Structure formats: C-alpha cells, structure tokens
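Let me put the structure up and then walk you through a few spots.

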Amino acid sequence: MISGTEIGRFKALAVLAASLVLFACGGGGGSSDNGGDDGGDGGDGGGDAPSGPALSGTITIESRTRVDSDTADDSRTGTAVENDPVALAQWLPETGTVGGYLSATAGVYPDDGLNGPVFSYNQDTIDSFRIRLNDGDRVVLQVFAASPVDPEVAMIISPPSGGDICGNDCFGPPPFSHQVSLPDGETVEHVVRIGAAGGGPFRYVLTVSAEGTQATSAAFPEPALVEDEAIVVMDTATAAAQGARPLRSAAAGGPDYRPLAPGVWAVTRPQTATLRSQSVDRREDTVAWIRSLQQQPGVRLAEPNYRYRSLAVNPGNDSLYRLQWHYPLISLPVAWQSAPNGGQGVGVAVMDTGLFSSQPASYGNWHPDLAANVIGFSGEILDFVSGELDIDTEDNQQRDVNPADPGDGRSQASNFHGTHVAGIVAGVDNQQGIVGVAPKSTLYPVRVLGRDGSGSTADLVAALNWAATRSDVDVINLSLGGSAPSDTLRQAIDRAHNAGKLVVAAAGNEGIDQLTYPAAFERVVGVGAVDGAKVRASYSNIGGSVDLVAPGGDATRDANLDGDADLIISAWGDDSQGRFEPMYAGLQGTSMAAPHVSGVYALMKGAAQDQGLDVTPDDFFAMLASGELTDPLGNRTEYGAGLINAVKAVDAALAGATPVVLAAEPSSLQFSEARATQTLNLTVYPSGQPVTVQSVASVPGWLSLSPQLVVGQVPPETLQVSVDLDQLNQDTSYATELAFSYDAAGQQRELAVPITVRRVDPEDQRDAGRHYVLLVDPDDEVETQQAVVVVSNGQYQFEFADAALGEYLLVAGTDIDNNGLICENGEACAEYPVIGLPEPVAIGEAPVSGVVMNTGFRRPTLSEMGLPRYGFKGYRVPRPTQMAIKHYQGGTP
C-alpha cells in the first residue's frame, strides 16, 4: 500500500510506477459478512399483495459504461477480479465511463446508530485500465470520499512508451483533467492507473470524452443559494395588472418583495413560514417552497436566489511578486502606442467585492493606484449587497451609495478581491505601484459580493439592470461565478448586452469542463486562464465556459523563468490590524484573467472613439469569431479562440470594418444512444447583418436537420440535428461535419461543425455493477424492500414477488464502497422514471410489469432537473439478516 500524510508529486509518481510490485496486495477477493441483503424480502408492511410478481421490469445501461472489477462490494461477495497490475488492466471502451472504488487501508465505517452490523471496506490501492485514446480526448477523474478522512489520490496516464503524460494536470487535489495530444488522426492504446496513496476509502468516476464535448458530472448539482429567498417572474399580463399581489397567498403572513426589473421580484419567505426542524436541510425546504410558488397563478418563473462567488485564490505573501509579466504576454506595451489615451472616456463597471478605501465608512479615499479613475460621488446606489451577505455596519444590510469594501479583518480572506480586479482593468499609470490594462478608463466600483466573497442572484441582477441604464458604462466585468444557470440572471445579462454593454466573466477555477455561470451564457465573454508560457493554468476551467483565455497566473509554475511563481500582481488592502492600509498582492485565478479582456475592450473602444469610430459588444463577438482578437494556442476545448492579443484587438477596432460572421454553439456535436438529437444555435455577429446560405455540403443519410438549410435563404437561428441510430452499425464510430458557405454582407465565408457518433460499445458488454433495486415508501411507513440483480447481456431484470398496495419510489444503484447506501455521488443510479426526478409508482391489485429505467454514473445537469437537489445522501439498503450473513459466508453473491 501507499502511506504518508501528503502526496508529494514525485513520490506519488514513483510509487505508481512501481505498482506491479507494491500494489499486489490490493483489491483482493474474499467475502465479508457486511453489506446489503442480497434478496431479503424486507417485510410485508401490511395490506394485501397482488398475486404473481407485484412489480417487474428492466434496467438498461448507458452506452460505454463499465464498473471497476474489484469494488468493495465485489470483495464482500467474493466476486472481485483483480485489476491492480498493468498485466491485468481492465479494458474500457473509447470515450467511456467507469465507476470504481479504492482505499489505502481496510476498516469499518462509523456506526450510524441503526440496528445491524457495521459496514466495512477493504484495502484496494490501485486500479489499472487500458483504453484507446484519440487526439483531443479528455480524461477526467472525479473523486468522492466515502469517510470523513479525505483520500490522497494520484493518476498516471501512460502511452506504450511508458512514463506519464498527465503531468501537472493529475497532481494535487482532484478532480483531475487532462487533454490528450497525439498526431492527427492517430488512436493509441494507453494505460490509466488510479492510486490511493493515503487517507480513507473513496468512490471515483473516470470519464474519457471526445474533443469538443463535455464530460458528464457524477454528482448531483448543489449550487449555493440564499435560504428562504426566491426570484419570481410574473407573466406580462399579471405583472401589468396586479404586480406581485398574487403571491401574497403563497405563504402565511405574506412574503416580502423587492422589485428587480419590470415583472421580476426578489421574494423573501416570512419567518413564520420557514422550517423550524433542524433535521431537514433548509436548502431543500427552500426549494420545496419555490415549487409551491411555481404553482401560483400568474407566475411564469420561480427559481432560487442563487449565490455566486469570487474566482481568485490568494496563494501567500505579496512581497515575492514584483513583476507584471502578464502584459508583454498579450502584447500590451505595443498596444498602448496604438491607443495612447489608454481607454479614456470608456466606463468599466467592476461588479465585485467593492473597492479598497482607507476610510470605508464613507465614499472616497480609494487605493492610490485607483483613485484618479474612480467616478465621483453621485448619490446613486453602488453597493447592491443586501441581507445576510452584507457585512457593512452602516447600512443595516440594505443597499447603499457607498461601494467601499468593508473588509473582514483577515489577511488571507476574499476581501479586496474587487480591488485586485479593478487594478488589472484600470490601475492608474502614476509611476508607482501597478498599472492597469486601460489606465485612463473610468472605473465604476459596484459592490455585489459580500460575506466571504459571495453574492446573490437578486443583488447581481439589480446591479446589471442599473448598469443597463447607464450610457457611460461600456463594459461590465464579472470575476465571479457559480454552477446555477439562473434564467433571471441570463435575462439581465441579455438586457445589458442589448443596451450596448460588453459583459465579461471568469470561466471558473475547478479545472474541468463544468459549466460556470454567467461565463457560459451566450452573450457573455467567458475567459479562461494561462500561465507565463501561455499554457492553460492548472485550475482553469475548460469547455463551454471558455471563449478565449488571458493571463490568470499559476502559483505552481514559473513558466517564464523569472524566478517567481506566475502570479498576477495588482492592488490590494490590509485591514488585519484594525486599520485599512493600501497594499499589493499576487493572486491567481480566472478572476484575474477576465479583467485583462475587459481592459483590452476599453482600449479598443477608446481608440476607436478617438478616430470617430465605434466598437460594440456585437462587434467584439464578430471579431472574436473571425480570429481578429486572439492568437490561437491549441485545442478550442482548453483555449477557446486563443489568447487575447491587445495589438491585434486595437488594430481591429481602428480598422473600422467589423466582419460579419456566423457562429455555432456548441462548436461540435457528439451523439450516442442516450443523445440522438441536439440543438445547434446559429448566431450572426454583429446582429441584424444580412447573411444568406450559399451552398450546403452533402451529409450522410443518417443525419437530419430541422429546419433545413436552404440556399438563398437566411439560416435559421436554431437547428435540431438528429442521428438515426438504426442506420448505424453498433460496433463502429462515425465522423462527419455539417458544413456550408454563406454570404455575409457581400463576403463569402464558411462554417463547419464537426459531428461524431461513438457506437463502439455492443450492448452486451455494458456493466454498471451489481444493482440493489429498492421499493422505498416515501412516508417510511412500510419497510424498504430489496431485490439484488447482476448484469446479463448488458441489462438487469428485476421483480418483486410481493409488495403491499400503495405508492413507492422505485430506485436502483450500486454500493461499490459497501457502506450500505446506493445512488451516492460517484455510484451508478437509476430512479423511476428519470434520475433526478423520481416519481412514485403505484402498486395495485394487478401486477405492474414492463417498467424500464436507465442506469449509469452520470448525474443530470441543473437545467435537466429544473431545481437543485440538496442534501441527498443516497438510499439505504436494508440491513442483512443473520440468514443472509451465513449466505455471504458461503461465498455466493
């Protein structure tokens, strides 16, 4: 086994390289008397049962799904098949998903106070897999701790020549994400090894996805929200006639309302209606209340008041970080010569934690590197933070006119994040400290993030709506994000965009292709981060949140070899001694990358205005799509359109001829049995410009479009692209592209969208692991009943011979860590009728047959679920009876 309290990078690599010897003891078989009851009848719970099987059905398996062959559940039943050494590596299909279990030690899980034996876990310190990887494939490892002790994890990806191609992408805390680079067109077998180097047991999901496609999440989304608050949109007629009055019957005592926009309200549940029980998750109780609001007459939309957070990390003492290396990286010094006015006359709204002030109780006394560019006092509300997130002392948790950062007395906290961001955009060139990208632009400090760098949808929407009305605000910087695609927030961003404001946002710091909002919205410029060598920063998100990249720093690297870590130095503050002192700090994050782009846009717009020209948000998107703003760096998944180049951007603005282009979102499509139809959005930049289809390349017969692309006509804004899977062989992969030429304001251009169909996965080879099928009484009045099934020809067949009449939740899933719970994050799960949206199934006098569910390690997105699911810990399997224990000891699964 691997031991030790830390995973030193070289130590972990060395240990894994020696896995043939060191891991020989891991993952072995041997049965245990702990675990779920393999076929216990659960108890009748009273009532009359129908004759014959009361309920029966089939569980299908998502394409390209596999399970680790030596899980803790397999070890318990004596069915484990070792996959520790490379010689016994388990084969995975191309672009497949595997769920597994590892633990550096053996032990028992803490007793949860229920009757019966304590569940145990075995030692299994490495799993090895073989898989054929294609150029551009992304390997993602998600990890879920099965005990209070955090696991120490390492991953090695080895080509036939040996070594490790994963490098820094697989070092540090998971998740790990690595994009494979191979000669064009090649497919090469690799070995992927996952190791438990210390800590407690854990579940994992390893996913390989093709370039341009998003890796699926193995966890139910739980975005942060403000408890007992909601955003409600009334339909137009109701809002005009009655305002929010129809909501007054939604809760006892009548909720509190705050208008955010015409017909849009922030609603607070009255205290008398809030949940008093401490045993129920208050977030889930808030969601239940929001569901009741959705049923009120006149309500078009009700959603949580989601929280967003700053996206930067303070890695330590700022005295080490002296050089602004990131400006030459984007050719900024040369761009200043083309735009000598430095963005003068361009307004930049930095919506963040507010701005450092030496006297934060009043407006003014700003950081000396920012003061000259900050707007004067106007009496307008610029501090939009309200409620429990507000830590001001003078405004009683209400919005006010002073956007000063109140600090929090902690030197390493998230306070002064907005000051750092503002310094990157608009730091004054005063021969001291730092200088910003657009050093003469006008800075609008807008406070939308409060306690611990968190903000709410309601406050952010209110700030965006304010900015949309200000003709002197030209760009909005949002170095913040979250995982919730709030429709109310999207509408506010669209409103600002339509009012002529470019909205720029950070892409997120999770290091994977999880969508981060607002960056992933269509009318937002999402910015990823690179280091001093123009390489994606290890933390920077990829995929649909990234339109382009900019310097964000990386504390783990000195890629430009200047002797210091690649951090972004900017303005900061210190209030740790009870007084506010201006400082400087080196930070890393996509929060630092976004203001580089905001600043470049300010330079573009200012330079154009000096020449009697103009640049609009639509112009920026058009130039970005045509390659006029960036230097390509590699695959679009990691880098989007590439690294912002300030010289190219200013030159494009001064040229005065914005290209007309047609952009596709997403930029590529991948199909499978679970996803045979997808939506392709076609957007013209700048909007309103004439575009007509000139020619359409032929597509194979198994691909269809609705509506069709018609020569001589305007392309539709939305295409439904479908694949007829019945026409395709199940053991073959297919690749084509949707390509057509179009006339854009008299210039002919082409658009090509790559399309892949991965079907190299015969159904009879799919395996999601032993499944525990449960009938769960939602009211807990009837004991849970269980059937245990194993895969046969790529699916599971189940039946319940007896069941009391009534309604049940029908669920199924794996218990790969043998802790007595199924459907936890990282385990295969099926819920009837759809995972994430379980509904009761009724058992009556007549047998219920032909029920079909689908299982896999994927979890639905928040968009698919509609509302988040909080506090879900899985379904408990019935404790084994003594008879069942003897049965296990006999070695029969």
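Before I say that two strands pair, the rule: DSSP has to find at least two bridges between them. And keep in mind that this is a predicted model.

Let's start with a sheet.

Next, β16, residues 299-310. How many of its residues are buried? Nine of the twelve, so to speak mostly covered. Who are its partners? One is β13, residues 225-234, which pairs with β16 in the antiparallel sense over six bridges. There, Val233 stands opposite Leu301 in β16. Another is β19, residues 454-456, also antiparallel, joined to β16 by three bridges. On that side Arg307 faces Ser456 in β19 as its opposite number. Then there's β21, residues 480-481, again antiparallel, with two bridges to β16. Arg309 has Gly481 as its bridge partner in β21.

While we're in this region, look at Ser292, which is in helix α5, residues 282-294. Is Ser292 buried or partly exposed? Its relative accessibility is 27%, so it counts as partly exposed. Ser292 and Ala302 are ten residues apart in sequence, and their C-alpha atoms are 9.2 Å apart in space.

On to the aromatics. The structure holds 19 aromatic pairs. One of them is Phe356 with Phe580, a tilted pair with 6.4 Å centre to centre and 45° between the planes. Why pick that one? Phe356 lies in the loop between β17 (347-352) and α8 (417-426), and Phe580 in the loop between β25 (568-574) and β26 (581-587), so the pair ties together parts that are 224 residues apart in sequence. Both Phe356 and Phe580 are buried. They also belong to one aromatic cluster, together with Phe416 and Trp572.

Staying with rings, there's an arginine to look at. Which rings does Arg869 lie over? Phe220 is one, with Arg869 over its face at 4.6 Å from the ring centre. Phe872 is another, and there Arg869 is over the face at 4.0 Å from the ring centre.

Last stop, helix α14, residues 646-655. Its buried residues are Ala646, Val647, Ala649, Val650, Ala652 and Ala653. Remember the general point: an α-helix has 3.6 residues a turn, so residues three or four places apart point the same way. Have a look at that list with this in mind. What covers those buried residues of α14? The cover includes α7 (332-338), α11 (590-610), α12 (617-625) and β28 (643-644).

At the N-terminal end, Asn645 is the cap, with a side-chain oxygen 3.0 Å from the backbone nitrogen of Val647. Just after α14 comes Gly656, with a positive phi of about 75°.

That's my tour, happy to take questions.

Key. Residues numbered from 1 in each chain as written. Predicted model: local features only at pLDDT ≥ 70, side-chain atom pairs only at ≥ 80, totals over all residues. Heavy atoms only, no water. Phe/Tyr/Trp six-rings, centres within 6.5 Å; stacked < 30°, edge-to-face > 60°. Helix = DSSP H or I, 4+ residues; strand = E, 2+ residues; numbered from the N terminus. Buried < 20%, exposed > 50% of the residue type's maximum accessible area, 1.4 Å probe, protein only. Lys NZ or Arg CZ within 6 Å of the ring centre and 35° of its normal. Contact = heavy atoms within 4.5 Å. Polar contact = N/O pair within 3.5 Å; in protein donor to acceptor, adjacent residues only side chain to side chain.
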